[in-house]
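We will go from one stop to the next.

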Amino acid sequence: MVITVVAVIGGASRPWGRPLCRRLAALSRGASVFSAAAAHLDRTAAIYDGVAVRYQRAADQGTGHRAQLVLARDVVQWNSQAGDAFRAVLDLLVSDSTAVQEEAAALAGEATAIAGVLREWAQVGRSLAAVLEAITGADVAGVAGEALLRRARAAVEDVTSLVSFIQDYGGLPAGLREAVSEVLHSD
């Protein structure tokens with residue numbers, strides 16, 4: 001948690017970085033820090049991981065299936081139109097199998113990449129929840145701005161709001177960093 005929070009808030013080189021990280025790490029161990037949006041994104045990432053495994057398994061089986069088709073084609077010794085048609089169908093299946101194998105491998109890679117992005121977004125949601133927990137009870141609306149605090153609270157609870165928040169701010173906005181800094185300096 002500490003490493004991820006540091007990446008989200010801009011690093012421990014700033015004066016407030018290390019104390020903030022310690023406080024957020026302590027909060028993250030408590031049961032009160034929770035992000036429904038992060039939990040949903042984690043579950044969705046796990047689904048994408050499962051899809052990636054199934055696609056990769058299909059891609060890995062492609063070579064063996066093609067070998068069986070080629071063997072079946074070579075075994076047929078019919079000298080007739082039916083034998084020629086059978087071999088032609090098997091040749092078509094072999095060429096289609098290659099395309100399907102390549103597509104399955106590509107889809108597995110895409111599903112893995114999507115799962116990674118979802119996990120990154122979930123981590124931002126957890127970090128945002130920890131920051132909101134850290135400033136709970138403090139009068140920081142003037143520093144962070146009431147609209148920003150409302151958006152941050154919504155982002156912790158709703159996936160669509162979290163994605164919008166990430167797209168708009170890229171992580172933890174300056175207003176929230178300043179609010180956390182103010183809370184830490186008042187302790």
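Which residues are buried in helix α7 (residues 159-169)? Select Leu162, Val163, Phe165 and Ile166: these are buried. Buried means under 20% relative accessible area, exposed over 50%, and partly exposed in between (1.4 Å probe, protein chains only). Helices are DSSP runs (H or I, at least four residues), numbered from the N terminus.

A word on the model. It is predicted: local features need pLDDT of at least 70, side-chain atom pairs count only at pLDDT 80 or more, and totals for chains, interfaces and linings use all residues. Residues are numbered from 1 along each chain as its sequence is written, and side-chain values use heavy atoms, leaving out hydrogens and water.

Turn to the face of α7 away from its buried side. Exposed Thr160 and Gln167 are there.

**The cover.** Now show α3 (36-75), α4 (81-134), α6 (146-157) and α8 (174-186). They are among what covers the buried residues of α7.

**The two ends.** Select Asp158, which caps the N-terminal end of α7. One of its side-chain oxygens lies 3.4 Å from the backbone nitrogen of Thr160. Then go just past α7 to Gly170, where phi is positive, about 75 degrees.

**The core.** The largest nonpolar core has 27 residues. Such a core is a set of buried Ala, Val, Leu, Ile, Met, Phe, Trp, Tyr and Cys residues joined through side-chain atoms within 4.5 Å. Helix α4 gives the most to this core, with eight residues.

Finish on Ala152. Leaving aside residues up to four places away in sequence, Ala152 touches Leu128, Leu132, Phe165 and Leu176. Contact means heavy atoms within 4.5 Å.

Conventions. Helices (H or I, at least four residues) and strands (E, at least two) are DSSP runs, numbered from the N terminus. A polar contact is a pair of N or O atoms within 3.5 Å; within protein, one must be able to donate a hydrogen and the other to accept it, and residues adjacent in sequence count only if both atoms are side-chain atoms.
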